[in-house]
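Here is a short briefing on one protein chain. Keep the sequence and the 3D view open as you read.

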Amino acid sequence: MKKLFKKIAQIVLFMVAIAIIYLSYLYIQEPLVMSRLGGVLIGNKPGIPERVNSGNGFVLNHNQEALKINPEILSQAIAYADENSSHALLIFHEGHMQLEHYFEGYSGKTQSQTASMHKTVLAILIGIAIDQGHIKNVDEKASNYINEWSDDDRNKITIKQMLQQSSGIGYPTFSINPLTEWNQLVVGDHIEEVVLNQLQEKKPNTEFAYNGINPQALGILLQRATGQKYSTYLADNLWKSLAGDDAYVILDSEKNRMPRMFCCLDATARDWLRIGLLILNKGKIGNQRVVSEKWIDAMITSSDLNPNYGYLTWLGREHQENRIYNEKSSATAYHSEPFMDKDIIYLDGFGGQRAYIIPSKNLVIVRTGSIRMNWDDSRLPNLISKGINEDVGNSN
C-alpha cells in the first residue's frame with residue numbers, strides 16, 4: 001500500500017511540475033496577458049481604467065403612492081435575483097422607481113462589470129455622431145474611416161452591417177490558451193492591431209454573427225470620425241446628460257490607450273437604468289433630446305438576418321429557448337418561455353448582466369451581479385409584467 005501511495009504522489013508531483021513549466025512558458029511568451037488573466041480571475045480589471053465624467057444625473061423619482069406592481073411579485077423578483085448572486089435589482093415603471101434593491105455587500109455606488117451592455121451605449125453614440133454630421137449615414141462604407149480596409153474585400157462592409165453583426169468579418173472565439181487572439185482581444189495591450197487584422201470570412205449581410213470585432217471596429221471608426229478620444233466623446237455627448245456617477249472605460253495600455261468598446265463600461269445600476277430610460281423615451285432624458293427618435297427607432301428594428309437583433313441591441317420578437325450568439329460558439333442564452341411583451345428590448349452582458357426595456361408597459365428593469373451562465377432571460381421581465389396593474393391591496 002505504501003508503494004502505491006508513493007507512486008501516486010510521484011505522479012501528482014510530476015503533473016504539478018509539468019503544469020508549472022507550461023505556465024512559465026506561457027508567461028515568458030505573454031507576460032502581460034498571463035498577469036491580466038490571473039488578475040481577472042480575482043476580480044481585477046482587464047486593463048487601465050479611464051474616467052468618463054458624469055453630470056448631475058437625471059432624477060429617478062421615488063413615490064410610495066405611485067407603486068403599481070404587486071409587492072408579492074416584487075418579493076419573488078428579489079428572491080430570484082438573490083438566488084443568482086445579484087448586486088442590484090432596479091425596477092422603474094410609469095415614471096417612478098418601483099424597486100431599488102441592493103444585495104449584501106453592494107450599494108447604489110457599486111460599479112459592476114457589465115460586459116457587452118456597453119455595445120448598446122456604443123450604438124447610441126454612433127447615432128449621435130450621425131445626428132451631428134460626423135458620419136453621413138449607416139449605409140456609408142466603413143472603409144471611409146478605416147483605411148486599413150480600403151484595399152481588400154472589407155471595403156464593401158457598411159456601418160449598418162457592423163451594427164447588425166452581419167459584416168462577415170472574421171472574429172476570434174473563446175480559448176483558454178493565453179497566446180490566442182481571443183485573449184489578446186480581451187486582455188491584451190494592442191487591441192486595435194488585433195481588430196484591424198481580422199480578414200473577411202463571409203460576404204456581408206449573409207450571416208448573423210454576434211462578436212466583439214464589429215463593435216470594436218465601430219468604436220475605432222467613431223474616434224476617427226469625430227477626432228475625439230472615446231471617453232471624451234462619451235462623456236460630453238451622453239454621460240453628462242444623464243448619469244449621476246462617473247463611469248470607467250478600460251484601456252488596453254498606456255502606450256496605445258485604446259478602450260475596449262465591445263465590453264467594459266463600468267457604471268452603476270442607476271446609470272444603466274437611465275440608459276434604459278433614454279431608449280424607452282425615444283432618445284430623450286427628461287426634456288433633453290440626446291439622440292434622434294429616428295435613430296432609436298432604427299436601433300430597435302429587427303435586422304435583416306436576425307429578428308431578435310437591432311443595432312448592437314437585443315430584441316424579443318421570436319422565442320428561442322437557447323439563443324445562439326454565433327456559429328463558432330457553443331454559448332447560448334436561456335429563455336425558459338417566450339417573452340410576454342413582444343416589444344421588449346434588452347442589453348445583454350455576459351453572465352446575466354441585463355437592462356430590459358418594455359415600451360408597452362413603460363417599464364425598465366436592471367439586474368447586475370455575479371456571472372450566472374444559466375440566467376433565465378424571460379424570468380424577470382415576465383414576472384414583473386404579470387405583476388403590473390394587479391391590485392396591490394390584494395397582495396396578502
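**Strands, a surface patch and salt bridges**

Strands S4 and S6 (residues 265–268) pair in the antiparallel sense, over 2 bridges. This is a predicted model.

**The open sheet**

- S4 and S6 belong to an open sheet of 4 strands, in the order S1-S5-S6-S4, with antiparallel pairing.
- Strand S1 (48–52) and strand S4 (111–112) are the edge strands, and each of them pairs on one side only.
- Helix H9 (residues 230–242) lies across S1, strand S5 (247–251) and S6.
- The helix H9 runs at about 30 degrees to S1.

- S12 pairs with strand S9 (residues 314–315) in the antiparallel sense, over 2 bridges.
- In that pairing, Trp314 stands opposite Tyr346 in S12.
- S12 also runs antiparallel to strand S13 (residues 353–358), and 5 bridges join the two.
- Here Gly349 stands opposite Gln353 in S13.
- S12 and S13 form a hairpin with 3 residues between the strands.
- In this hairpin, Gly351 takes a positive phi near 75 degrees.

**A nonpolar patch on the surface**

- Ile11, Phe14, Met15, Ile18 and Ile21 form a nonpolar patch on the surface.
- Together these residues have about 540 Å² of accessible area.
- Phe14 is found in helix H1, which spans residues 2–29.
- Is Phe14 buried or exposed? Phe14 has a relative accessible area of 55%, and the cut-off for exposed is over 50%, so Phe14 counts as exposed.

**Salt bridges**

- How many salt bridges does the structure hold? The structure holds 22 of them.
- Asp246 forms a salt bridge with Arg51, and their closest N and O atoms are 2.8 Å apart.
- Asp246 lies in the loop between H9 and S5 and Arg51 lies in strand S1, so the pair ties together parts that are 195 residues apart in sequence.
- Asp246 is partly exposed at 22% relative accessibility, and Arg51 is partly exposed at 44%.
- Glu192 and Arg224 also meet through their side chains in a salt bridge, at 2.8 Å from N to O.
- This pair links distant parts of the chain: Glu192 is in helix H7 (residues 191–196) and Arg224 is in helix H8 (residues 213–226), 32 residues apart.
- Glu192 counts as partly exposed at 27% relative accessibility, and Arg224 is partly exposed with a relative accessible area of 32%.
- Asp236 forms a salt bridge with Lys240, and the closest N and O atoms are 2.9 Å apart.
- Asp236 and Lys240 are separated by about one helical turn because they sit 4 residues apart in helix H9.
- Asp236 is partly exposed, with a relative accessible area of 41%, and Lys240 counts as partly exposed at 40%.
- Glu50, Lys229, Glu254 and Arg257 are linked in a network of salt bridges.

How values were computed: Residues numbered from 1 in each chain as written. Predicted model: local features only at pLDDT ≥ 70, side-chain atom pairs only at ≥ 80, totals over all residues. Heavy atoms only, no water. Patch = residues over 30% accessible without salt bridge, like charges linked within 9 Å, V, L, I, M, F, W, Y side chains within 5 Å. Areas by Shrake-Rupley, 256 points an atom, 1.4 Å probe, with all protein chains shown as cover. Salt bridge = Lys/Arg side-chain N within 4 Å of Asp/Glu carboxyl O. Buried < 20%, exposed > 50% of the residue type's maximum accessible area, 1.4 Å probe, protein only. Pairing = 2+ DSSP bridges. Contact = heavy atoms within 4.5 Å. Axes fitted to C-alpha atoms, helices over the stretch in contact; angles between N-to-C directions.
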